[in-house]
Amino acid sequence: MRTEDFWQLIDEARAGGGGEPGPVAARAVALLAERDPEDIIGYARHQTRVLAASHKADLWGAAYLINGGASADGFEHFRGWLMTQGRAVFARAVAEPDSLAELPQVRAASLSGEEFSAEQMLSVPWDAYRKATATDLPADRDPVRTPDLNDFWDFDEEDEARRRLPRLAALFVEPPME
């Protein structure tokens, strides 16, 4: 499976899943389970690469601000939600995490306190493989390593948040009045 195919499948799932993370993940499982098992393995490899490429300190800081905190698992689940937003939003957020402040649902969350998480999106290839073959997805023999976050910063430090993520800090460090 090529990168383009990976994101196209997610776009198809988004179109049939109503935009909410749970239905998008369920639709992705259904679509992927219809494919050859090798395609499912390829999807799993791409997902691993996408998650590794997005394992960045400033994106974690953005997730922390938006969700009011983000453990390691919470950051994974946030990136699962970010995958449900499609390739363009995902790529822009990885390159420029502060761009998330432009998303209407993120702006609304600064007032509502909504959190963004899609743990179920992370299990799509395993669920699809099990559905297609009645067996577990084979372990990847060439796993992608998660980058070391040498540039980690204190996400609770408001001045640092304002410096690194000014648009998100404007929304979440000092939330706007209703």
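This is a predicted model: local features need pLDDT of at least 70, side-chain atom pairs count only at pLDDT 80 or more; totals for chains, interfaces and linings use all residues.
1. Residues are numbered from 1 along each chain as its sequence is written, and side-chain values use heavy atoms, with hydrogens and water left out.

2. R79 sits in helix α5 (residues 72–83). Its side chain also has a polar atom 2.5 Å from the backbone oxygen of L51. R79 counts as buried because its relative accessibility is 0% (buried is under 20% relative accessible area, exposed over 50%, partly exposed in between, with a 1.4 Å probe and protein chains only). Leaving aside residues up to four places away in sequence, R79 touches L51, S54, H55, L59 and F90; contact means heavy atoms within 4.5 Å.

3. The protein has 11 helices and zero strands, helices being DSSP runs of H or I with at least four residues and strands runs of E with at least two, numbered from the N terminus. Of its 178 residues, 45% count as buried. Among contacts with a separation of 6 or more, 71% are between residues 24 or more positions apart.

4. The largest nonpolar core has 56 residues, and F78 is among those with the most contacts inside it, as are Y43 and L168. Such a core is a set of buried Ala, Val, Leu, Ile, Met, Phe, Trp, Tyr and Cys residues joined through side-chain atoms within 4.5 Å. Not counting residues up to four places away in sequence, F78 touches L59, A63, I66, N67, L100, F116 and S117.

5. The residues lining the second largest pocket include R14, W81, F116 and S117. A pocket is an open set of points on a 1 Å grid over the protein atoms alone, where a 1.4 Å probe fits, with protein on both sides within 12 Å along at least five of seven lines; lining residues have an atom within 4 Å of a point.

6. G22 belongs to helix α2 (residues 21–33) and is partly exposed, at 28% relative accessible area. G22 and S117 lie 95 residues apart in sequence and 9.6 Å apart in space, C-alpha to C-alpha.

Definitions and conventions. A polar contact is a pair of N or O atoms within 3.5 Å; within protein, one must be able to donate a hydrogen and the other to accept it, and residues adjacent in sequence count only if both atoms are side-chain atoms.
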